[in-house]
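Here is a briefing on one protein model and its ligand.

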Amino acid sequence: MCGIVGYIGKRDVAPLLLEGLQRLEYRGYDSAGIALHAGGKTGGLKSAKAKGRVRELESRLPKRFNGTTGIAHTRWATHGAPNDVNAHPHLDADEKVAVVHNGIIDNAADLRTRLTAEGFVFVSDTDTEVLAHLIARSEAGTLEEKVREAVGHIEGTYGIAVLHADFPDRIVVARNGSPVVLGIGEKEMFVSSDVAALVSHTRQVVTLDDGEMATLRADDYRTYTTEGSSTSAQPTTVEWEAESYDMGGHDTYMHKEIHEQADAVDRALRGRIDDRFSTVHLGGLNLDARDARAVRRVKILGCGTSYHAGQIGAQMIEELARIPADAEPASEFRYRNPVVDPDTLYIAVSQSGETYDVLAAVQELKRKGARVLGLVNVVGSAIARETDGGIYVHAGPEVCVVSTKCFTNMVVSFGLLALHLGRTRDLSVADGKRIIEGLRKLPGQIEEILANEAQIEELAKEYAEAKSMMFIGRVRGYPVAREASLKLKEVSYIHAEAYPASELKHGPLALIEPAMPTVAIVPDDELLEKNRAALEEIKARSGRILAVAHQVQEKADHTIVVPKNEDELDAILMGIPLQLFAYYTAKAMGRDIDKPRNLAKSVTVE
Ligand code: F6R
């Protein structure tokens, strides 16, 4: 949520920063801005900001807007409306200090009152502006000390980058709860909140820890704590290629990422299957067989789509490992003073590895002595670092705000974990083998589903006229229905509800009429007849039905047929056509598919 990018070197900085902002735009697209050291005789800082997208900022940059050191930001509004004034960077009254900030300053109101009483004049409604004034107010001799002093007053979270007119040879950055990554180039240095903005320039990165700061100069960097002692953060190499962030001939990232799923699943399986013992190896789990056998419960925590992946994961773990398991939104869990049980294995699931509610739940659990694993996509992210071990889902970078391939890879990764736990307990060799065969079939079956794109496009055009849709599923199909309903509403803005099919007659059936279509998940499993009964109930009320099923459903107006896998793994595949359905519905309605209104990728605030 929100993106920071900065550069110091010899190149013209504005085009570089604009390119970085484009790469980060998925993290927030309410406004954008740049500040740079103007250099030359007059020196000083120059800045430009604009409400809206990066292209708006680009069109508004002044003619002479040159320099070789600068910082930039793309914003998802928290404090203050999305407008020019509230856009970052924020400067002090003398325009000596420029700050870009991700995160939330909890005591901003108090600081604002104190600074106003001292005569500082605020121009924006943002929490960030207090930082610009605090840094300007500091009488410390170096920029590092000024920033250190300023962040000492702050309660809350921040990832910041700071320019100061009197220190044109450096950018100072600091991190507490919001990512800051340094990119190391040849006689040039970059900084960003996300490697997405770095990989086209360098893959050598240093990720700061909370409480860490850094000074970037063109030919070196130094890291140290907010208390001032040096640290020795070492560079690592980013795995993801720059091309993975490109659209690759697709019209949107959503379309591209839906189509990457067969490869992504293949990557999640690669090197992990152990045919000899009909199990899988999950290197980073840090859970030996004895630990695995001692687990009495599994609790999965995540938000949004990742929570839905966790619901499917919990069912897989119960089915294959016979360990009681459930999933809960991390955002709820952390506020209900949960009973933390030493025999429960907690699993935090997150694409970004940054979602604040998930991170806060992990930290609360760790404080209470729980064992927490991560099921995460972004390597080295905060949640990956905070957990005791885990599984990387290897979906590759996901740029569309709406999650698709990562959801699928999360569910596959839960399948691997369920198999692993099952095989340390009572799952037979034969069942282990059966599940492995099912997992191996997935990439080919995903290709089969995607080959049916034309039918799904036609159906989406037809259903795009609905004002509201119902999604139903039973047991394994229910989280699939929930995820499909979320996908549709966030990308098309059509109202959608998801219900267990079994619950229809307890209330929601009242909504069914011809104008309210139902999307039904109907796997060929032991509940097929029960699901068919629900379709009968809907048909009897003249409801239109679109079924996602393993065979054509007589009662449905339309069926999208998907290939059958093992019962326990069917949920992995059944949501995929509905990702395409959401995509084509949104397309038919002319929506901004990659950047739905009011949303942003990586929710790093509460
Ligand atoms: C929906 C979506 C969100 C995220 C949620 C958690 O398409 O992407 O619901 O799943 O914000 O994000 P992560 O997985 O990064 O923790």
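The model is predicted: local features need pLDDT of at least 70, side-chain atom pairs count only at pLDDT 80 or more, and totals for chains, interfaces and linings use all residues. Residues are numbered from 1 along each chain as its sequence is written, and side-chain values use heavy atoms, with hydrogens and water left out.

- The elements that give two or more residues to the shell around the ligand are α9 (304-321) and α16 (477-492). Helices (H or I, at least four residues) and strands (E, at least two) are DSSP runs, numbered from the N terminus.
- Helix α9 gives the most to this shell, with 3 residues.
- The ligand is surrounded by 14 residues; the closest are Ser306, Ser350, Ser352, Thr355 and Glu490. A residue counts as near if one of its heavy atoms lies within 4 Å of the molecule.
- By class, the shell holds 8 polar, 4 nonpolar and 2 charged residues. Here Ala, Val, Leu, Ile, Met, Phe, Trp, Tyr, Cys and Pro count as nonpolar, Asp, Glu, Lys and Arg as charged, and the others, Gly among them, as polar.

- The side chain of serine 352 has an N or O atom 2.6 Å from an oxygen atom of the ligand. A polar contact is a pair of N or O atoms within 3.5 Å.
- A polar backbone atom of serine 403 lies 2.9 Å from a ligand oxygen atom.
- For threonine 305, a polar backbone atom is 3.1 Å from an oxygen atom of the ligand.
- Taken alone, the ligand exposes 410 Å², and the protein buries 87% of that. The areas come from the Shrake-Rupley method with a 1.4 Å probe.

**Sheet of 8 strands**

- This open sheet runs in the order β3-β2-β4-β1-β10-β9-β11-β14, with antiparallel pairing. Two strands pair if DSSP finds at least two bridges between them.
- Strands β3 (45-51) and β14 (236-237) stand at the edges with a single partner strand each, so one side of each is left without a neighbour in the sheet.
- Leucine 36 has lysine 46 in β3 as its bridge partner.
- Strands β9 (residues 181-184) and β11 (residues 204-207) share 3 antiparallel bridges. Valine 181 stands opposite threonine 207 in β11.
- Strands β11 and β14 pair over 2 antiparallel bridges. Glutamine 204 faces threonine 237 in β14.

**Sheet of 6 strands**

- The order in this open sheet is β5-β6-β7-β8-β12-β13, with antiparallel pairing.
- Its edge strands, β5 (90-91) and β13 (220-225), each pair on one side only.
- Strands β5 and β6 (residues 97-102) pair over 2 antiparallel bridges. Leucine 91 stands opposite alanine 98 in β6.

**Backbone exceptions**

- Most residues other than glycine have a negative phi, and most peptide bonds are trans.
- The peptide bond from histidine 88 to proline 89 is cis, with omega near 0°. Proline 89 lies in the loop between β4 (69-75) and β5.
- Histidine 394 is not a glycine, yet has a positive phi of about 55°. Its place is the loop between β21 (389-392) and α13 (405-424).

Methods
A polar contact is a pair of N or O atoms within 3.5 Å; within protein, one must be able to donate a hydrogen and the other to accept it, and residues adjacent in sequence count only if both atoms are side-chain atoms.
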